[in-house]
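Open the model in a viewer and keep the selection panel at hand. The stops below go from one chain to the other.

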Amino acid sequence: MMVRGRKHGVDEMIAYQESSCESREPRAHMSSWVIVSTWTGYIKEMARVVLAILREIFDESAYARFLSLHRLHSSTSTYAEFLREHEVEKVRRPRCC
Amino acid sequence: MVVIGAWGPMHKLLRVLIWVAVAALGALAVSTIALDRGEQINAMWLVVAAFCSYALGYRFYSKFIAAKVLALDPQRATPAERLDNGRDFVPTNKWVVFGHHFAAIAGPGPLVGPVLAAQFGYLPGTLWILAGAVLGGCVQDFVILLFSIRRDGKSLTEMAKEEIGRVGGAVAYISVISIVVILLGATALIVVNALKSSPWGTFTIAMTIPIALLMGLYLRRIRPAKVLETSLIGFVLVLVAIWGGQWVSQNAWTARAFTFTAPTLAILIIVYGFAASAMPVWLLLGPRDYLSTFVKLGTIAVLATGIVIFRPTLHMPALTSFIDGSGPVFAGKIFPFGFIIIACGAVSGFHSLISSGTTPKLIRRESEARMVGYGAMMAESLVAIMAMIAACVLQPGTYFAISSPAGIVGQAPEAAAATISSWGFPVTAAGMHSLAQAVGEQTLFNRTGGAPAFAVGMANIFSNSLGGQAVMALWYHFAIMFEALFILTILDAGTRVGRFMIQDALGHVWKPLGRTSWYPSTLATSAMIVAAWGWFLWQGVKDPLGGINSLWPLFGIANQLLATVALCVATTIIIKMGKIRYGAVTLVPLVWLVSVTFTASWNKIFNPNPRIGFLAHAQQLAASAASGHEVSRLIVNDRLDALVTGLLVSMVGLILLQSLVEWARVLSGRKAPAVKEVPFVASHFATEEQG
């Protein structure tokens, strides 16, 4: 869930990677390398990005936004409401050949 | 600081050396695939050429466009930020938007087009995919995305209306609905050709309907919103259905129950399209969409891994004699038809609908449009390269036996094998029979449409290692299921999109017809759109030349005419931005597409060869001794096809003319060069990052 003005999860990680790549300070490169020190950490972050992509493609993120926007908890009825609200938007979404 | 001083130039030199090496490797790969004659080459050369071309295109060309032509401004707030409503407009991480955009643009098109174009050999299609994508398709997707971002996420139709004029908007609307109808008819035909007389494939695809219904109920009642989990369960059930299909095909009673002729399958698909359009989205369309996306992403990943690991050899020659237009898969010379058949992997007008649809409403910063717009199209182009490899790893004789219609090579296996062997591509009826048995089919002759050839190619790549020949049938039916499942998703979703478009238009005539929740309107407009694409499908099924011969070029023409509209809009905006000196960026692909599509349209209507020209074919039928209702209908179909092509090309000619007038007025100073961008607002994200 993205909140304006703050970065969370994947966004934080991506912003961090961007800033470390764009930085011209060699010490910044070194410190970034220290922070993302192991391959395990790197793979975990990549897995988080992939999961975030899948959650967006499969509308799980859209449902999370819907719950947050309407201050609701997940349930059968709220999911049905979400589907009703998103039906027109979803079927109007173009899909290529 | 001393360290920086020493490291800086070294770092720069290293980067220069790396890019020189990439360029040299790319040149080596392209020259190997272009100049090598007489011996088979490894598929990895195509992959290396593709990666190097994309890397150079992205690093240098897209950067040039971003900096000089579009002047991407990370300080400028995007509509996702300014209009953030937590629904359509949501600032989203660039990788997530990239995945979302790629999932929307990648369909069966980049798989089918290259497989059909492989009749020219692997070289022309590969070069067109690489050059077309880097210089045309990626550019179109990128600039339309950015222009839509700067207009609050407006659609291509709205931008055409605002920047070119009312005619532009109307033509874009009619082009979109035409392309949707032709696309649905052409892709439905691919499913019919892949499933006819194939109990295994038909059973597997039929099973995806109850699986989707089960997923819909599971999602709605048992585990609300757990789409990934549900899709995984659905995927496992589909694999069970593929495995079970083998039993169905081997049992006499069940095999008979699931063996259908092409006309019967066409009727079933038309009925399915209507039902899916009228049924609640959550019950069938939604779950099937999720399932097909899951299968699609998985299959593309598996195919890419397979090609890289197994590095298959290409058996198809670089060029075949069919570049002269005498090809059996589809008729027509390499120019213009080679550039029409491969649309989605090189330039696809349809992408401009997505670049001006959901994606511009998600982009967080302008600078990210480059990676999403240009980058996702590169990924799509890579899928097309993989499809070309899958087709070209087959022995050419096998490829032509599968992909040639009975009307060209003959109905009997022996006659077909003799005809194909006489072209210099040896194949035997016994060899094809063994191959059909290995993949669990009764026959592989005359399986036009591209999907069966792709499936055999994919099965061939994997059967040489993973499980050997024993699991070739499973790989084949997995590939068939993948394409059919995805195409059926496009059919039901596309039918709904078309339905909404018709309802939007009819709502201007009588308001209740525009209400999407009014059931009489829903049923009537669903019937209208299904009848429209069903007509193309039926015509294709009854065509003795395999249907795909007429329909796929028609689809390619419609798709690339839409790209012409998109590039007209883009060029107009660039001129109005006062950047005529960079106009060639969109003008060159526009000129190329105009020459290709207009030549192809002329040929499809007026070419004297009955295999190419609709009117010549109608004339041949009229002059033949055969008569009766069927022949009369074929003649009417041909004339109607010619009319549809003529109307499409005339409308695009009109929009081109109106664009030229608009350019002349702006460049001569008779009209102020004002674009309809929303005013600049500083981005919160940019200031936050600076802080």
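**Stop 1: chain A and its domains**

In this predicted model, 4 residues of domain 1 of chain A are in contact with 6 residues of domain 2 of chain A. On the domain 1 side that touches domain 2, the residues are 2 nonpolar, no polar and 2 charged. To colour the two parts, select 1-58 of chain A for domain 1 and 59-97 for domain 2. With secondary structure displayed, chain A shows 5 helices and 0 strands, in the order α-α-α-α-α from the N terminus. Of its 97 residues, 26% count as buried.

**Stop 2: A:Arg71**

Next select A:Arg71, in the loop between α4 (60-70) and α5 (76-92) of chain A. Its phi is positive, near 50 degrees, and the residue is not glycine. Is A:Arg71 buried or exposed? A:Arg71 counts as exposed, because it has 6 C-beta neighbours inside 10 Å, and a residue with 12 or fewer is classed that way.

**Stop 3: B:Ala225**

Move to chain B and select B:Ala225, in the loop between α9 (199-222) and α10 (227-250). Here too a residue other than glycine has a positive phi, near 75 degrees. B:Ala225 has 24 C-beta neighbours inside 10 Å and therefore counts as buried, the cut-off being 20 or more.

**Stop 4: helix α2 of chain B**

Select residues 44-69 of chain B, which form helix α2. How far apart are its end C-alpha atoms? They are 35 Å apart, which agrees with the 38 Å that its 26 residues should span at 1.5 Å a residue. Centre the view on B:Tyr58 to find a kink of about 35 degrees. Buried residues of α2(B) include B:Trp45, B:Leu46, B:Tyr54, B:Gly57, B:Ile65 and B:Val69. After the helix comes B:Ala71, with a positive phi near 50 degrees.

**Stop 5: a cis peptide bond**

Show the backbone from B:Phe335 to B:Pro336, where the peptide bond is cis, with omega near 10 degrees. B:Pro336 is in helix α14 (residues 334-341) of chain B.

**Stop 6: the largest nonpolar core**

Finish with B:Met388, B:Ala391, B:Phe454 and B:Val565, the residues with the most contacts inside the largest nonpolar core, which has 234 residues. Helix α22 (residues 472-509) of chain B gives the largest share, 20 residues. Domain 1 (1-58) and domain 2 (59-97) of chain A each supply at least three residues to this core. Around B:Ala391, leaving aside neighbours within four places in sequence, the contacts are B:Pro114, B:Val115, B:Ala118, B:Tyr399, B:Ala453, B:Phe454 and B:Gly457.

Conventions
Residues numbered from 1 in each chain as written. Chains lettered and ligands numbered in written order. Predicted model: local features only at pLDDT ≥ 70, side-chain atom pairs only at ≥ 80, totals over all residues. Helix = DSSP H or I, 4+ residues; strand = E, 2+ residues; numbered from the N terminus. Expected span 1.5 Å × (residues − 1). Bend = angle between axes of the 7 residues up to and from the residue. Domains from an automatic or database assignment. Contact = placed C-beta atoms within 7 Å. Nonpolar A, V, L, I, M, F, W, Y, C, P; charged D, E, K, R; others polar. Core = buried A, V, L, I, M, F, W, Y, C linked by C-beta atoms within 7 Å.
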